[in-house]
Amino acid sequence: MIPKLLTALALAATLCTGGAAHAAIITFNDPGVVEINNTTQVATYTEAGFTISGPAGSFLPIGQSPDPMVLVGGFDTTPFSLMQAGGGIFSLFSFDFAPYDLGFGDDTSTLTITGLQSGGGMVSRVVNLTGAASLMFGTEWARVSEVSFSGTAGFSLDNINAVPVPEPGTLALSSLALLGLGLRRRRQGQRSA
C-alpha cells in the first residue's frame, strides 16, 4: 500500500512541477487577441503563461509577421501590468525596450518598472528611453507577483524573460515524493540482499 502511495505522490509532484521552472520569453511575434472587457474597460493579452492587463488603450501589440513585433505603451502615463496567468509568483530576468515615436514629439522620456514582491514590498527602476537596449534584473526581482510599466512617452517592450516560481507547497510535495522513492528503493535493495 505504501509503495503505491509513494509512487502516486512522486507522479503528482512531477506533474505539479513539470514546467514550473521553464523560462517564458514573451516575444509578441504571434500575438493573440487583446480582449477588452466592455464593462470595466480593462484590456488583457496572454502569451507564454503570462497576462498583460491595463486600461483599454494603455498598450497594444504592434507589427506584422514575419517582421519583429513589439508591445507598445506610453500612450499616456497610465501603467499596465504583467502577471502570471492565473496568479502566482514569478521572477523577472530581462526584457528589451526602446523609445517608440507616437507622434507627440517628446525627446526626453522615461520608463518606470515597478514590481510587487511576494512579501509585500516593492522594487522599482526608472530608465531613460534614449535608444534600444536590454534591461537585466537582479535577485530583488526574483519573487514578484506583478510588474507594472509606465512611460512619460511612447515605448516598446520585447523579449520579456520571466520564470514562474513553484509554490512552497509544491516544493514540499516534491521533496516528500523524492524521499518516499528513495526509501522504497532502499527497501527493495534490502530485500534482494
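The protein chain averages a pLDDT of 82, and 72% of the residues score at least 70.

This is a predicted model, in which local features need pLDDT of at least 70 and side-chain atom pairs count only at pLDDT 80 or more, while totals for chains, interfaces and linings use all residues. Residues are numbered from 1 along each chain as its sequence is written, and side-chain values use heavy atoms, with hydrogens and water left out.

**Aromatic pairs**

- Rings of Phe, Tyr and Trp (its six-membered ring) pair if their centres lie within 6.5 Å; planes under 30 degrees apart count as stacked, over 60 as edge-to-face and the rest as tilted.
- By this rule there are nine aromatic pairs.
- One of them is stacked: Phe 80 and Phe 155 have ring centres 6.0 Å apart and planes at 15°.
- Phe 80 lies in strand S7 (residues 80-84) and Phe 155 in strand S13 (residues 155-164), so this pair ties together parts that are 75 residues apart in sequence. Strands (E, at least two residues) are DSSP runs, numbered from the N terminus.
- Phe 80 is buried, with a relative accessible area of 1%. Phe 155 is buried too, at 1%. Buried means under 20% relative accessible area (1.4 Å probe, protein chains only).
- Phe 95 and Phe 149 make an edge-to-face pair, because their planes stand at 75°, with ring centres 5.5 Å apart.
- That pair links distant parts of the chain: Phe 95 is in strand S8 and Phe 149 in strand S12 (residues 144-151), 54 residues apart.
- Both Phe 95 and Phe 149 are buried.

**Cluster and charge**

- One aromatic cluster is formed by Phe 59, Phe 80, Phe 95, Phe 97, Phe 137, Trp 141, Phe 149 and Phe 155.
- Arg 125 lies over the face of Phe 137, at 5.2 Å from the ring centre. Such a charge has NZ of Lys or CZ of Arg within 6 Å of the ring centre and within 35 degrees of the ring normal.

**Ser 91**

- Ser 91 lies in strand S8 (residues 90-99).
- Ser 91 is buried, with a relative accessible area of 9%.
- Its side chain reaches the backbone oxygen of Ala 142 at 2.4 Å.
- Leaving aside neighbours within four places in sequence, Ser 91 is in contact with residues including Trp 141, Arg 143, Asn 161 and Val 165.

Note on methods:
Helices (H or I, at least four residues) and strands (E, at least two) are DSSP runs, numbered from the N terminus. Buried means under 20% relative accessible area, exposed over 50%, partly exposed in between (1.4 Å probe, protein chains only). A polar contact is a pair of N or O atoms within 3.5 Å; within protein, one must be able to donate a hydrogen and the other to accept it, and residues adjacent in sequence count only if both atoms are side-chain atoms. Contact means heavy atoms within 4.5 Å. pLDDT is the predictor's confidence in each residue, from 0 to 100.
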